[in-house]
Number of protein chains: 2
Amino acid sequence: MPGLPYSDQEKDAIYRVIRERRDMRHFVRESIDESVLRRLLDAATQAPSVGYMQPWRFVRITSDEVRAKIYGQVKAEIETTGEAVGEKKEAYMRLKLEGINECAEVWVAALMEGRAKYVLGRRTMPEMDLASLSCAVQNIWLAARAEGVGVGWVSFFEPDRLAKLLSLPDDAFPAAILCIGHVDDFYPEPLLKTEGWDKERKLEELVYENSWFTPSNLATSD
Amino acid sequence: MPGLPYSDQEKDAIYRVIRERRDMRHFVRESIDESVLRRLLDAATQAPSVGYMQPWRFVRITSDEVRAKIYGQVKAEIETTGEAVGEKKEAYMRLKLEGINECAEVWVAALMEGRAKYVLGRRTMPEMDLASLSCAVQNIWLAARAEGVGVGWVSFFEPDRLAKLLSLPDDAFPAAILCIGHVDDFYPEPLLKTEGWDKERKLEELVYENSWFTPSNLATSD
């Protein structure tokens, strides 16, 4: 019944989950019901996709050996990035940037093979496949938050190396390591904000009108 | 109060909006309250972003002249893609691929300038900035659906040409033309599915275990 309006209670729930979703890095070791995992997958596949290509694929890691190898790849990349961030290294190292060993589920979210033949909406913008996959992950994130389950999107890895580990076809692409698991509590705000890594930008910095840097009333009026 | 569990009614609302969100191409000419637009922007900026970079920028188009130029750019690209899709051209041309002239609001969603210095989570995966912007757009899409407002993500354009029209800095990037507007009704399913452009993929095709093409019980068990 797509036509029925949403009640105020429904709207409140939707804005609540958007507000309370967090990129989680701390998990407790407790398995997740498969029925919940199925609902997360269903939510993912209800995302929009450019030209209806449905480019999302998920590799669920159930092998301890494969998980340990993924952990090794992430650890190596975190150390390399630690060097790259230079002066911020100390703050960076304080952050616990992955929870791969603790979380119940590790899923690698990847772009499918054979994407070149999908032209609709992608002729000039081939990266729209990643946009579609990202919308699917956002659906997982929100649905999981409502289920009381935390999700972290880890992008500390060498895509070629991870692709090889999971036997991806040459033209597939791993975009995310998703850590999914129960948590003690959700962070009250983004962890990197709490840690002082960066400030929250004001709407005035984010919204322009007709031309870049031209302020928009939309961002300033209440 | 991030710690409080979600009620069944709240979960239902969240799964409902995930299920009923549509990429809209048909709009009715009716303006949208600024309070609604502000809520959409707030939802966008509550999205996750890699390294907390908040790379999302929005250019609201209020000038009829600029909107007409954007329409011209999209029309040109739709015609070019129409040639590129070849045999499917007839089906393609039946689709109304944009609603730029009808919708209340046209927003260009873009990646900010100066992104190269953001290394956290992006050293090997620079495209994570687009992933963050896409999550923000998905938040807009879902919030808008709850508000009874349709959103279409148009990616039929030449990014360089659109960037020039809106005076984007060289290293900023326009990722989406968002058409936002009231609608007569929401499509009951994705328009391209209804039009027979492609079929809905089954979960078994989308979920693997430990290695590509290895089936996962998660996708088949109920």
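1. Basis. Because the model is predicted, local features need pLDDT of at least 70 and side-chain atom pairs count only at pLDDT 80 or more, while totals for chains, interfaces and linings use all residues. Residues are numbered from 1 along each chain as its sequence is written, chains are lettered from A in the order in which they are written, and side-chain values use heavy atoms, with hydrogens and water left out.

2. The same surface serves both copies, since 100% of the contact residues of chain B recur in chain A (contact means heavy atoms within 4.5 Å).

3. Helix contact. In chain B, helix α1 (residues 8–20) packs on α5(B) at an angle of about 105°, their axes lying 9 Å apart. That makes α1(B) roughly perpendicular to α5(B) (a term for angles of 65 to 115 degrees). On the α1(B) side the contact is made by V17(B), I18(B) and E20(B), and on the α5(B) side by L142(B), R145(B) and A146(B); by class there are four nonpolar, no polar and two charged residues.

4. Largest pocket. The largest pocket has a volume of about 790 Å³ and is lined by 41 residues, with P190(A), A47(B), P48(B), S49(B) and Y52(B) nearest its centre (a pocket is an open set of points on a 1 Å grid where a 1.4 Å probe fits, with protein on both sides within 12 Å along at least five of seven lines, and lining residues have an atom within 4 Å of a point). Elements giving two or more residues to this lining are α7 (191–194) and α8 (203–206) of chain A, together with α2 (34–45) and α5 (128–146) of chain B; α5(B) gives the largest share, four residues. The lining has 21 nonpolar, eight polar and 12 charged residues.

5. Second largest pocket. Here the volume is about 670 Å³, and among the 35 lining residues P48(A), S49(A), Y52(A), D23(B) and P190(B) lie nearest the centre. The largest share of the lining, four residues, comes from α5(A), and by class the lining has 19 nonpolar, eight polar and eight charged residues.

Conventions. Grid points are joined across faces, edges and corners, and a volume is the space filled by probe spheres set on the points. Ala, Val, Leu, Ile, Met, Phe, Trp, Tyr, Cys and Pro count as nonpolar, Asp, Glu, Lys and Arg as charged, and the others, Gly among them, as polar. Axes are lines fitted to C-alpha atoms, for helices over the stretch in contact, and angles run from 0 to 180 degrees between N-to-C directions. Angles under 35 degrees count as roughly parallel, over 145 as roughly antiparallel, 65 to 115 as roughly perpendicular and the rest as oblique.
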